[in-house]
Structure formats: structure tokens, C-alpha cells
Amino acid sequence: MQVNENFEPVIVAFCCNWCSYAGADLSGTNRLNYPSNVKIIRVPCSCRVNPMFILRAFQKGADGVILCGCHPGDCHYTSGNYFTRRRITLLYSMLDFLGIERNRTRLEWVSAAEGAKFAAVMNQFVEDVKKLGPNRRLEDLRCRKQ
Amino acid sequence: MQRIGVFVCHCGTNIAATVDVKAVAEALGHEAGVVISQDYQYMCSESGQDLVKNAIKEHNLTGVVVCSCSPRMHENTFRKAAASAGLNPYLVEIANIREQCSWIHKDIASATDKAIVLGKAAVAKVHLNAPLTAGESPVVKRALVIGGGIAGIQTALDIAEAGFEVDIVEKEPTIGGKMAQIDKTFPTLDCAACILTPKMVEAAQNEKITIHSFSEVADVKGFVGNFTVTIKKKARFVDETKCTGCGLCTEKCPMKKVPNEFNMGLDNRTAVYIPFAQAVPKVATIDPNYCLMLKNGKCGVCSKVCTAGAIDYKQTDKMIEQKYGAIVVATGFNPIKPDKYDEFAYSYCPDVVTSLELERLMNAAGPNGGTLLRPSDKTHPHTIVFVQCVGSRCDDEKGKPYCSKICCMYTAKHAMLIREKYPDTEVYVFYIDVRTPGKNFDEFYRRAVEQYNVHYIKGMVGKVTPKADGKIDVQASDLLANEQLHINADMVVLATAIEPDKTARPLATMLTTQMDTNDFFTEAHPKLRPVESATAGIFLSGACQGPKDIPETVAQASAAAAKAIGLLCKNSITCNPCVAHSDELMCNGCSACEKVCPYGAITYQDKEFRMPDRSTAIRRVASVNPAVCQGCGACTVACPSGAMDLNGFSNSQIMAEVDAICK
Ligand code: FES
């Protein structure tokens, strides 16, 4: 497949307030770079993320969506990320059904201490999405910016 | 019509060096609803905050967006500033353009673009923010301390001193913990029991303190200021209120072959026992695994000799429920069992002991009455080898990755005490590094080397082999001299790593607090909030949070007490208003939300509704208890009809952010 060198994907990252958002802050404090394509939305817990939000992002033109939460067992609300895990598994099969590449959506566990992991995950994800190219299938063309 | 103010911070050069702040302020000024967009050197400073406050008043703002550092840093600062200017604090949003933008990107153009997008998302969100008021919930003026070691005792004494009721839950039959087993303390070499036991007595006699010994926490419900805890009082088959602690039963009990935990299994106790002479409460406990009466129904000697009539073979576990405002965790540590280290022969050679075992061997109340003798043949050891870092600073599966912190010092203490009492005994210490930070610690270690002639050798012990003549061959390397050594030893002492108590992990789950990968409790902030857990109302005391020596433990215990007292002094606390709520008109009472709620905050009510045809109908609808809800949002996604939403992170707010980012 051809890789467009200039393609800059739009990437939405949902981060839970207690671990991953703090992990993202830590990678900032440690000055660990990752591409500016990643834009973070803070949510209280990964289980706050409705799969609808992810579909909405794709519809509005996002090329990749990544959801980060505390490690299993470490959720600030004890069990939230277990729900997340199941919901995302279901969403994957729906995305498969719709014909959207699975790699455009990712679920990652990043703790508040894992600034380096956060940056590494984001670097990897942006690279993967770049390889996939722009999201065409779910994008609502009426939403496309001119 | 919304009137939004945008304030972009330079943070000195922290933001301004990579983000063109002027351009950001300019771009956001064109967003719908934005009436003022400014940039400033330090927005969090006094004058920066004044800028925000004045703008709120002057432009009659309905929402504020601050583009600055992480909301985890200064969200509260700006919320307070807004509140003081008369704007509801929950109408403030932060765009994180420092930690998540300027600090990670180098290219000014793309960083500026990103900052603008983040700002736009915040503006889009603040459009939908609703004013929220935090509710109040009362504080129960009683504290629970879990663990009755020196940490728990100190915390309880301090809280009681401040005039609050406090309960100690201790899983063993007596309080005192590990410190009760220690012989002497470093670096002053005073006797541990002499300084600990008066404190134990003080705790027992303090009328504000209730000690639940031989008890465990079975369940924790509720939230800061209002926890409901179920405590399981395990059956000890002795009526605590009647037992006088005379010890007659322990003398007469025919079952005398029970390994004595207090002496690390180095001698035996009876099936009915009092752990040690100064135990608090001084009450006997029957061990059901060994008691002949409980096992076979034949014996009953203790009940015959007990003049107080305290023996009760029919006793069962009892559950008690109690409400608390604050909980302090002080579950402490245990040394690891070195039996996985085959090279040290611990599991099959009785003369290879751990440091805590040595502590008991040297203690006057220990198995040998304080004379150091080899466990195997009760002879006096002439050569003793200490092995440091057994299981500490270890990167394989068998051990722990961290430094256990106290081993260097207690080994210096052991070596010194042995040389002092038995000058004919040669002592070797094999170490990787000697770590002695602490007041008078290095002086203490140097005394061991210089004054007491303890042989410190930098190097590792490769193999410990018991020989036929009862001696032990210790094969080791001397790294500095670069040679292999063989030492013909009589005893080997392993300074084993310490690990958190096994009860800590299930407890953390009950308390919904966080732990690190080593099962130490995680503090809310490693530097600035070292004695609080991230869960409000739960505090950490002692070695449950990380390896610590006694003075550090006591310091942390008092700090945790101070934090708990600070909470208990309040009559009520403000709750987080970012909680879930359900739209009764949309709710169909399916119970999906109730099932996912980790706090049991959702209940159902039958409510009357007026139907379009003016008749009334009764429907079952969900309602959220705002004092119990912690605002995770699990229910909002579980709700099939979209009736559940979360204040501060509503569906429409998050969607608006998504839209703004993707635009
Ligand atoms: S709080 Fe991080 S996943 Fe629940």
C-alpha cells in the first residue's frame, strides 16, 4: 500500500483522569515527545467513554481513536476499566462488521507513573494510523472541512 | 447568549517558547461566544488571577477557559478565582497546553495549531457547562486504624489525644506487630520492648481507643466521612471480658508441640496461648488447628483449670458493624521467606536463619533466653556470616526489585551486638552496597567496622553448603580483592527483603485504594501528599506504603493521624458535584445502571407521572444518591435509553470536544 508522506492523521485520545491523564502529564514533565496529532480528552474514568463517542469521532473525520485507562485492577473506581475492556471488545466486532480497520481504535492501560509508556504508545499509534491512511469509511463527508 | 472569556498563559517561557500564545489568544477570540481573549505571563499568579476576576465582572462572563498547565495543577486555583468573582466555579475549563502540548512538541507551528484546537475544544465544552453546587455530607467523628503495630498504635494514640474515638483492628491476638519481636533498635541500641510495651499499655488504657484484636476487616462501604465497616472478630474460644490473663491454661494445656509464631517457629507453644508476656490485650487464645478439644472433643483441661470460666469452646466468629469518618491503613510488612533461594540452604539447614529469627535467638524472651546458640545443636557459634540483600534489589521472579532499606542497619546492629557479647566470634558481612542514610546511621555502621572489627566484604555469596561435621561452607567472592573465598561458618544469617503484608491486597480492593506492583499502597502524591491515599478519607501509615525503619514509621503514623484529625474536626465535607443523575422521563427502570455501579449509589423509586392523556401512571425510575456517587460514569454508558448523564462530563460536552478536535 502506498504511504502518503504528508498525511497527518487526526487522532483523538480519551484518557482517564486518575492514571492515563496523569501519565500523559508525566510524559510532558519529562519532555518525552510524541506527535502533535494526538489530542487528549479528559474523562473521569475510561468507563465514561461511550463507544458512541468513538464512532462519533470517526464520523467527524478522526483517523484514529485511542482510549487509555488505568491498568486492570488499578481503576480509581475499582472496576471501571473492566467494563471498558468488554465494551471495546464489542465495539471491535462492530467495527469489523462495518469494515473499519481494527488498528484505528486502540485500548491501552497507562498508569500515572508510565510517562514513557504513554509517549511510546502514542508514537506507535500515530505511526500505525499513518500506515492505514485516512479514514474513509465512516467519515461523514458533510463533516469534511474545506 | 454565552459570554466566554479565554485566558492564555505564557507560563514564563514554558508555554510561550513553543506555542505562539498571541496567535492562540487571537484565534480563540474568533470562536463563537468568546467575548474576550487575553494572554498573560503567569495566569496563576496573583495578578493573573485578578485579570480573570476583573474580566468576569467587567464582561459579565458566563464561562471561562484557561489555556495553561494541566488541570491537575491549577484547576482548583482558577475555580476559586472564578467563585470569588461571582462565577460558578464549575463554569471554568482548562485547556492543557503545557504538559500535553508545549512540553512535548518542538515545532512551533504545529504546537500552536494543537494549542488552538485544544482551546477550541475547551470553548466548545464550556458552552455546555452547567453551574454546579457541591453538596455537603456529615462526618462521623470516629476513626478506624487497620493494623496494631507501632504505626497503628502511634496513629491511634495521636487521634485519641485530639479527642476522637478510634478503633484498632489487629489480626493477631495481640497488638505490637513486628516491633514486639525485635530485640534492640538501631542506632541507639535501646531495647525495643522497653519502648514499645508502654505504648501498647497506653493504647489499651486510653478510653477513646477500642482494640479489636484477633479481628479482620471484612467489608468497607461508604465514602469519606461516612464509611461503614464490618469487622470480623474471629473466634478465639476464650471470653475476652472474663479472661484475666493468668496463664494457668497455657501451663496446663497438654498440647505443647505447636510452632511458636512469635519466636519464628524456633520453639513451641501450647494450643491455648498468649503470644508473649506483655501481650495487649493479655487474653488467651485457643488455636483450633491444634486444640484437642476442638479437634476431637476430648480434653477440656483448660476449661477445668480456668477459675474465671472464660473458656468457651462454642464461640463463633462475630461480625460487628461500625461507622467511621476516616480510615488509616497500617498493615505493615513481613520479611520474605528465603526458601526459594536454594543456594542459601535455608530450607534444609537449621543454622541458616533469617535476620528476624536471629532477633528472636538473641532476645532474652526468645527460645534460648538470650544466649546466642546454633538452632541445630545448641552450641555457641564462633563464625557467623551475614548475607545482605537476599531478595532485595533483585530483578528476577524470586525477589523484589526495591531496596528494603532497613537491612543494612539491622545487620550492622546484629554484628555489633554479637561482637560485643561474644568477642571470640568472628563476624563477616557480604554486601552489595552499604546504605546508611539517616541520622547517626553512618557513624553507627563505621563503629561496627572500626570499633568492633566486623569484616565487611563487598561481594556476593554464591553457595552455602552444610557439611557433615555440622559446619557450613560459605563460598563467596570478594569483589574488591577479586578473589574467591571459602568461609567455614557456624551460622549464616540472611538479611531478607521485606514485603507488604498479605492482607494488604484484598484490603486495598475493599477500600478502593491504589497499590503499586509490589503491593505497597500508593500515596496520593509521592512528594506533597505522602500519607494520603488517592481515595479521600483513607490515610497510610508505616511500612504498608513502603519499607521504613521505626522512626520513619512513627513520623508517618503521626502525620497520618494529623490528616485524619483534620478530617474528623470538620462537621461536614463538600462532595464532588460531578456526579451522575438520571432523567426520570427517559428512564425505563431497567436496572442496567444499578448493576455496574461500584458504590451502590443507584436505587429505584416508584414515581407518579402524568401521561399525555392526563391520566397518571406509576413507573419505576433510577435515582442517584449524590453523596455516594463518585462520578466514574460507568452507568452513563450502561444506560440503554440515554437517561443517565454525568455532571461536568456530560454526553453532549464530550461530544462537543470530539467535534471540536475533529473539525
Ligand atoms: S479511573 Fe482510570 S480506568 Fe477507571
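User: Contact means heavy atoms within 4.5 Å. How many residues does the contact take from chain B and from chain A?

Analyst: This is a predicted model, where local features need pLDDT of at least 70, side-chain atom pairs count only at pLDDT 80 or more, and totals for chains, interfaces and linings use all residues. Residues are numbered from 1 along each chain as its sequence is written, chains are lettered from A and ligands numbered from 1 in the order in which they are written, and side-chain values use heavy atoms, leaving out hydrogens and water. The contact takes from chain B 46 residues, and from chain A 46 residues.

User: What area is buried between chain B and chain A?

Analyst: Buried area is the accessible area (1.4 Å probe) that two parts lose on being put together, summed over both. Carbon and sulfur atoms give 59% of it here. The total between chain B and chain A is about 4000 Å².

User: Which residue of chain A meets B:Asp659 in a salt bridge?

Analyst: A salt bridge needs a side-chain nitrogen of Lys or Arg within 4 Å of a carboxyl oxygen of Asp or Glu. The rule finds 4 across the interface of chain B and chain A. At 4.0 Å, N to O, the side chain of B:Asp659 meets that of A:Lys60.

User: Which element gives the largest share of the side of chain B that touches chain A?

Analyst: Helices (H or I, at least four residues) and strands (E, at least two) are DSSP runs, numbered from the N terminus. Between chain B and chain A there are 4 salt bridges. The elements of chain B giving two or more residues to this side include α3 (71-84), α5 (108-127), β34 (644-646) and α18 (651-662). The largest share, 8 residues, comes from α18(B).

User: Where do the bounds of domain 4 of chain B lie?

Analyst: Domain bounds come from an automatic or database domain assignment. Chain B is divided into domain 1 (4-128), domain 2 (144-232 + 317-332 + 501-568), domain 3 (248-305), domain 5 (580-647) and domain 4, which spans 335-497.

User: Which three residues supply 82% of the area that domain 3 of chain B buries against domain 4 of chain B?

Analyst: The domain centres, over C-alpha atoms, are 32 Å apart. The three that supply more of the domain 3 area than any others are B:Asn263, B:Met264 and B:Leu266.

User: Which cysteine forms a disulfide with B:Cys191?

Analyst: A disulfide is a pair of cysteine sulfur atoms within 2.5 Å. The whole structure has 1 over all chains. The link is right-handed, with 90 degrees about the S-S bond. At 2.1 Å between sulfur atoms, the partner of B:Cys191 is B:Cys194.

User: Which residue does a cis peptide bond join to B:Phe186?

Analyst: Omega for this bond is about -10 degrees. The proline involved, in the loop between β7 (165-169) and α7 (192-205) of chain B, is B:Pro187.

User: What is the phi of B:Asn440?

Analyst: B:Asn440 lies in the loop between β20 (426-431) and α13 (441-450) of chain B. It is not a glycine, yet its phi is positive, at about 65 degrees.
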